[in-house]
Amino acid sequence: MLDQLSYAQRQRLAYIDFCLLFKGAIYRQDLIQRFEVGLSAGSRDFTIYKQLAPQNLVYDHQQKRYFQTATFKPLFKHDAKRTLVKLANDISDGFDAIGDVHFPVEAPSSLNVPDIFIVASIVQATLKQQALQISYTSLSSGESRREIVPHSIVDNGLRWHVRGYDRKSESFRDFVLTRISRAKLTGKFDTAAEPEEQGDADHEWHRMIPLQLVPHPHNVAHNKAIEMDYGMSNGVLTIDVRAAMAGYLLRRWNVDCTEDGTLLGPEYQLWLRNRTSLMNTSNLAIAPGYKVR
């Protein structure tokens, strides 16, 4: 039946499908405003969607909103790579719900491919500020069950992870998406987690620190080349980065973080000139050469 519908109508059905998958619910008015259609046309789209996928949604008369069911299966294919890129950049190609909702995803560069349903559960939990039960496999302790309150999905330059409050350690931590094998929301649809568990309380996430990167003092023969590579001004590239993300950036760019630039090797083309800016910042074990005094 989908093939018999017009392109515009398939767009609207895809929008309904995307909202149910990533937001968990949709108002009829959302569709009407997004595509500027009349009430009757919007109602007809929901009727057609329910005919095609009756197990996917249920209407709550009190809230006047359609909700995702426990038996939901996407009517359209949502590619994980493309979806994460779109979520990160608020892009809408007309075949998804992106563009009218700001999703808490940092812009990506290189991607692995997490499970699309894991991503959907995390996005829902983030938008609702709810806790999420996950099965997580770590390098140190293997597989375990955890409850986290996610607030952002991030590409750290190497892989995707979710940033959120971990109720087990009672701290904000990073969890690699591909190591999450199961994810399930807890609580009622509109019940938010405690304030101290939400993103506003993640001080390392909100604290910005300046990094002054310069050509490496020993490994680079011609500084001008490095200055041009990184768009330096007067031989320095100063960037502001979230404290929670500093270690990832320094590792990805192979920035020598020793006090005097003592790491040798052609991979170390940059040196962190103001390493004191990293004080009181965690997750620096992966920063090349950084050691706490």
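## Cysteines

The count of disulfides (pairs of cysteine sulfur atoms within 2.5 Å) in this predicted model comes to zero. C19 is buried (under 20% relative accessible area, with over 50% being exposed and partly exposed in between; 1.4 Å probe, protein chains only), at a relative accessible area of 1%. C257 is also buried, at 0%.

## Basis of the values

Residues are numbered from 1 along each chain as its sequence is written. Because the model is predicted, local features need pLDDT of at least 70 and side-chain atom pairs count only at pLDDT 80 or more, while totals for chains, interfaces and linings use all residues; side-chain values use heavy atoms, without hydrogens and water.

## Helix α5

Eleven of the 13 residues are buried, so α5 is largely enclosed by the rest of the structure. Among the buried residues are I116, V119, Q124 and K128. At the start of α5, a side-chain oxygen of D115 comes within 2.8 Å of the backbone nitrogen of F117. After the helix comes Q129, with a positive phi near 55°.

## L250 in helix α8

L250 lies in helix α8, residues 246–252, and counts as buried because its relative accessibility is 0%. Leaving aside residues up to four places away in sequence, L250 touches L211, L213, V255, C257, L278, A287 and P288 (contact means heavy atoms within 4.5 Å). P288 is 38 residues from L250 in sequence, yet their C-alpha atoms are 7.1 Å apart.

Definitions and conventions:
Helix = DSSP H or I, 4+ residues; strand = E, 2+ residues; numbered from the N terminus. Polar contact = N/O pair within 3.5 Å; in protein donor to acceptor, adjacent residues only side chain to side chain.
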